Amino acid sequence: MSAELWNSAVRVLETNWSGDHMVPSRKLYPHQWSWDAAFIAIGLAYVNPTRAWRDLRSLFEAQWPDGRVPHIVFDPATAEADYFPGPGFWDVPAYANRPARGSTGIVQPPMHAIAAWDVYRHAAAHGANCAQEARTELEWLYPRLVAQQEYLTGRRNVGGGGLVSIVHPWESGLDNSPAWDEAMANVPADLSLLTTYKRRDLDVSAAAHRPTDVDYARYVGLVLTYRAEGYDDHDLLDRHAFAVECPSFNAIMAGAELSLAQIAGVLGLAAEAAAHRERAQRITAAIVKRLWNPQSRTFHALDVKTGKLSPEHCVSGLMPLMLPDLPAEHVEAIMTEARSSRFGLEGLPAPSYDRTAPGFDTMRYWRGPLWINVNWLLRRGLLVHGFRDEAEDLRTAMVRLVHRNDHFEYFHPITGEGLGAPAFSWTAALSLDLLADRSVPAYARAA
């Protein structure tokens, strides 16, 4: 099984390489996506570390002067009609040395420092030349990764409590998660926008697998209002209809600080390494203070505009497990939630949404299907806190799932059937990592 899965994953990554970056899937996603690039680099480093570095570098070459890393970098060789919303819709002005309409104006979870550290570790095993290349790439990436974190913790600290607010569900990476339902209900849904702006995803994907038209009308409307202000982040709480603190996004941000501490250590920046560790502790404490619900005993998304926590139990609420400074009572509570009937693995990885909820949907994107990337993060959390046996069980379940059903974007949470885009890059890349690396993150507490 291992050799067959390894070879099939390598073929997917070879097929989806586009010269200086990886596309998520040629069928539906013809550009470069931000957090996809991070997950892809982690696995790609085993077979082609030069490409892994190039993919990350290609993304950060499109970084904005304010530090934001756009959630899509557009391939100029791809026609506007081949993907919506494309560069013309986003209409981003030229910046730095980038041409106009080269990217989007929103972000995605900052997985990139985590990826850069993992690529460095994996690339070093390829010999002295790869090790030198890896150090050179870390030196180039480090200040850019720091700028990304500073943008998020500065301009996007909309609620003033030390956490990042996302201003669009797409920024979470968990596009139509029920975690946003209450906040999105206050966003106007002008369905006439879908006459002006035609969805392309339904041309190549089943409608039952994708966000609804009402969702999409709200997505488009949020972009248009953010675009009208030049993607400016000042006074967002007053003038923007959606501002939410996501437990998954913020856990990844804290994890990025821990990886930056590792990178700074390699680069001989001891003071910076200590500062990154301290920031990770601060972010972890803010997640506990702002996103923990003592009644439900789990983490929820916070609507910053209303001050209300979402009532929904989503996989994003399990993601703070990846943080080593999470208090023991919260670790225990997450493990209870993960083992419960809401997310109980039952021979398969965890679904994206509470299996027992009335709105659980086995087909529709982040409203029930299971995804390899968040389960990869969940496994990381299990390793960090010493749950080695359960981490291994989850690793085995993911490997078997992909081997049986191929490298799909996401999977049916009961049957394991592949859903969404086929030949999906992060599924392939993370399969390589699951096959190759069973180590515990370097910053984990002793078990």
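## Basis

Residues are numbered from 1 along each chain as its sequence is written, and side-chain values use heavy atoms, without hydrogens or water. Because the model is predicted, local features need pLDDT of at least 70 and side-chain atom pairs count only at pLDDT 80 or more, while totals for chains, interfaces and linings use all residues.

## Helices 2 and 3

Helix 2 spans residues 34–44 and helix 3 spans residues 49–60; helices are DSSP runs of H or I with at least four residues, numbered from the N terminus. Their axes lie 8 Å apart at an angle of about 165° (lines fitted to C-alpha atoms over the stretch in contact, with angles from 0 to 180 degrees between N-to-C directions). Helix 2 is therefore roughly antiparallel to helix 3 (over 145 degrees).

In the contact (heavy atoms within 4.5 Å), Ser34, Ala37, Ala38, Ile40, Ala41 and Leu44 of helix 2 meet Pro49, Arg51, Ala52, Asp55, Leu56 and Leu59 of helix 3.

## Strands

Three strands form an open antiparallel sheet in the order 3-6-7; strands are DSSP runs of E with at least two residues, and two strands pair if DSSP finds at least two bridges between them. Strand 3 (244–245) and strand 7 (308–309) are the edges, each pairing on one side only.

Strand 6 (residues 302–303) is joined to strand 7 by two bridges, and leucine 302 stands opposite leucine 309 in strand 7.

Conventions
Parallel < 35°, antiparallel > 145°, perpendicular 65-115°, else oblique.
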